[in-house]
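Hi,

Here is the structure I promised to pass on.

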Amino acid sequence: MVQAAGTSSVRGSEFVETDEGIVIFEGSPHKEKVLYGNLLWTGALALSKFFATASAAPRVQGRACLELGAGTGVVGLTLGRLGAAPVFITDNEPELVTLMAKNIEANQLSHCVQTRQLDWADGSTFMQQMPDIVVAADVLYEGDGSIFCHALSQHLREGGEAYVANHHNPKKCQATLGFIRSAISMGLRLERLEDCNGFALGSLQISAAPFGGNFQPLEGSADAICNLVRDAKFHEPDLSPMERHGSKKALDFRILNLLYPGTECRF
Ligand SMILES: C[S@@+](CC[C@H](N)C(=O)[O-])C[C@H]1O[C@@H](n2cnc3c(N)ncnc32)[C@H](O)[C@@H]1O
């Protein structure tokens, strides 16, 4: 992750600049409350790079996009820079909505990117207009993923697409597997970005390289698909933000790219 983004400072205030040229201010840690979205997570960097470089990425110019659990907002900001409009970057935490507004301003993208407070557990906060593309990064880390899946499906119109990237640890992926079971039960179809040898793509280890690969359907029973996802083959593990921020113990984080459109779900 550190390899994919450089840290700089202006007037004493540190920011990160991604390979795609997006400037991101992270939030300050709290003593009383953990705000994960204050940090830039690996899934967001991978998803941003996917949209900017992958031949399998969809055309985004002029398309309406929604980012769920956006944290710093980097994926939506990258989409805005690539020509998507309008782009809504959303989170349930008011403090992160303020941080995202700061990042919109830092990137001069207010003509196409807007913030919204959107809580997956509260339907009254959901968007009224359906986007063409829904994105989310590193949002599957607690619970069984069903609340997120419900919110996502409520914003997925017929023919719409969702692209989800998440870190992956085969011993700790209940949220991802729960999300997949929910998606299957809602009739969504899943695809995964893979190389020609069946390795799941998304790792930032070879950060300079564009994403290759193609989306392959994940088919079979829910159990079979969950097994495929849990036991996904990756080339290299990635660094987690915890490592970047000096955590004592390195976690076995890896990137797993997921995406799924409308009634034909891509993962
Ligand atoms: C691990 S952070 C990832 C942030 C960002 N997507 C990234 O990858 O850098 C998870 C994000 O999901 C948000 N989140 C968690 N529960 C949520 C909910 N019920 N509704 C909306 N956002 C939520 C958190 O506030 C946080 O910003």
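A quick definition before the notes: I call a residue buried if 20 or more other C-beta atoms lie within 10 Å of its own, with C-beta atoms placed from the backbone. Also keep in mind that this is a predicted model.

By that count, helix α2, which covers residues 74-81, is mostly covered, with 8 of its 8 residues buried. Val74, Val75, Gly76, Leu77, Thr78, Leu79, Gly80 and Arg81 are the ones in question. After α2 comes Gly83, with a positive phi near 110°.

For the protein as a whole, 45% of the 267 residues count as buried. If you take contacts between residues at least 6 apart in sequence, 73% of them join residues at least 24 apart.

Now the core. The largest nonpolar core has 66 residues, and Leu47, Leu68, Val134 and Leu152 have the most contacts inside it. Helix α1 (residues 42-53) supplies the largest share of this core, 7 residues. Leaving out residues up to four places away in sequence, Leu68 touches Thr90, Leu118, Trp120, Val134, Ala136, Val139, Ala151 and Leu152.

Cheers

Definitions and conventions. Residues are numbered from 1 along each chain as its sequence is written. This is a predicted model: local features need pLDDT of at least 70, side-chain atom pairs count only at pLDDT 80 or more; totals for chains, interfaces and linings use all residues. A residue is buried if 20 or more other C-beta atoms lie within 10 Å of its own, exposed if 12 or fewer, and partly exposed in between; C-beta atoms are placed from the backbone. Helices (H or I, at least four residues) and strands (E, at least two) are DSSP runs, numbered from the N terminus. Two residues are in contact if their C-beta atoms, placed from the backbone, lie within 7 Å. A nonpolar core is a set of buried Ala, Val, Leu, Ile, Met, Phe, Trp, Tyr and Cys residues joined through C-beta atoms within 7 Å.
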